[in-house]
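Here are my notes on the model, as numbered points. Please read them with the structure open.

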Amino acid sequence: MEKLKVGILGATGMVGQRFISLLENHPWFEVVCVAASPRSAGKTYEEAVGDRWKMTTPMPEAVKKLIVMNVNEVENVASKVDFVFSAVDMTKDEIRAIEEAYAKTETPVVSNNSAHRWTKDVPMIIPEINPQHTDIIEAQKKRLGTKRGFIAVKPNCSIQSYAPVLYAWREFEPYEVIATTYQAISGAGKTFKDWPEMVENIIPYIGGEEEKSEQEPLKVYGTVEGDEIVKASLPKISSQCIRVPVLNGHTAAVFVKFNKKPTKEQLIEKLVNYSGVPQELKLPSAPKQFIQYMEEDNRPQVKLDVDYENGMGISIGRLREDTIYDYKFVGLSHNTVRGAAGGAVLCAELLKAKGFINKK
């Protein structure tokens with residue numbers, strides 16, 4: 001099978017690098033174009049990144065000599081690819097404009113950015129939960145005046161360790177949730193070398209993150225109605241987001257109230273047996289087991305469990321009854337794999353399997 005040609009917008013940043021490392025040897029997609037800011041344009045990818053390669057695996061040989069293109073030369077970049085992943089570092093307004101500009105060249109955009117998450121006809125997809133939200137793409141194409149160009153986004157990395165859990169439990173009607181997330185520094189595109197003040201430190205604030213953590217699950221759980229996605233009204237979520245001295249892996253401590261009172265065994269059974277369209281279709285990046293439940297008192301742990309299912313699975317532990325809420329648990333997800341680039345790659349695989357992304 002001939003691979004689809006992929007461009008990466010914002011290829012030199014941390015999420016762009018993660019895209020490049022995840023797409024090495026991908027069975028369906030091949031990176032043929034890397035684009036970044038004008039200051040990187042014209043250099044080879046290896047020169048443009050320089051000593052800022054942040055992945056633990058070496059830079060793939062196939063991309064080292066690619067000449068970085070200017071991300072603002074939309075027509076030029078779009079002419080070389082079948083679709084793009086977007087991880088650009090710009091203001092929200094600039095991101096909205098540039099992603100729409102790419103879509104209008106008939107190039108599908110699968111974005112890691114937050115700029116279009118609340119655009120009413122842009123699907124925000126966790127492929128195991130709301131693959132049906134791709135139905136909105138036809139309405140979006142009408143608005144953009146395109147035949148094959150559109151934008152799809154993935155949600156914030158902070159919700160991945162609890163939003164799928166609440167969805168797996170939906171028949172018990174969770175209606176009130178407290179979620180505190182302990183978030184890794186790679187979520188800010190940083191390593192300890194770049195951010196020495198994070199060593200042995202906790203910062204109890206991440207700009208904009210708490211609103212995303214409270215609201216984005218509701219769009220994911222929402223329904224397509226006409227030309228918009230209408231968000232769900234429940235569960236009500238209250239969140240605190242804390243930056244902790246961990247490189248990769250967002251942990252969440254979550255408290256839940258249910259309308260229908262489940263047993264602990266029922267809750268665990270729903271988690272471990274939960275699977276979705278990516279598992280049915282055996283998409284290349286899909287975890288075989290989406291959610292694992294860990295019986296040990298001291299799991300999940302970032303060091304031991306963050307790479308579960310190549311970083312695409314979610315680990316849950318410490319599920320127990322609570323004195324005020326019904327149950328509480330601890331969740332862990334890999335914030336730059338499932339939570340960022342990997343989640344976007346899986347989203348692109350879903351879109352290809354459903355016929356939205358194909359050869360130009």
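1. Helix 8 (residues 209-220) lies across strand 7 (174-183) and strand 10, and its direction makes about 145° with that of strand 10. Helices (H or I, at least four residues) and strands (E, at least two) are DSSP runs, numbered from the N terminus. Angles run from 0 to 180 degrees between N-to-C directions, with axes as lines fitted to C-alpha atoms, for helices over the stretch in contact. Contact means heavy atoms within 4.5 Å.

2. This is a predicted model, in which local features need pLDDT of at least 70 and side-chain atom pairs count only at pLDDT 80 or more, while totals for chains, interfaces and linings use all residues. Residues are numbered from 1 along each chain as its sequence is written, and side-chain values use heavy atoms, leaving out hydrogens and water.

3. Six strands form an open sheet in the order 10-7-11-14-13-12, with mixed pairing; two strands pair if DSSP finds at least two bridges between them. Strand 10 (236-243) and strand 12 (291-294) are the edge strands, each pairing on one side only. On average, neighbouring strands of this sheet are turned by 20° against each other, direction ignored.

4. Within this sheet, strand 13 (residues 314-321) and strand 14 (residues 327-333) run antiparallel and are joined by five bridges. Ser 315 stands opposite Leu 332 in strand 14. Helix 9 (residues 264-272) packs on the sheet and touches strand 11 (250-258), strand 12, strand 13 and strand 14, with its direction at about 140° to that of strand 12.

5. Which residues of helix 9 are buried? They are Leu 267, Ile 268 and Leu 271 (buried means under 20% relative accessible area, exposed over 50%, partly exposed in between, with a 1.4 Å probe and protein chains only). These residues are on the same side of helix 9 because they cover an arc of only 95° around the axis, the arc being that of the directions from the helix axis to the C-beta atoms. Besides strands 11, 12, 13 and 14, the buried residues of helix 9 pack against helix 7 (163-168).

6. Helix 1 (residues 14-23) is mostly covered, with nine of its 10 residues buried. Among them are Met 14, Phe 19 and Leu 23. The partners of the buried residues include strand 1 (4-9), strand 2 (29-36) and helix 12 (337-353). Asn 25 follows helix 1 and has a positive phi, near 65°.

7. Thr 119 is in the loop between strand 5 (109-111) and helix 6 (137-144). Thr 119 counts as buried because its relative accessibility is 18%. Not counting residues up to four places away in sequence, Thr 119 touches Arg 143 and Lys 219.
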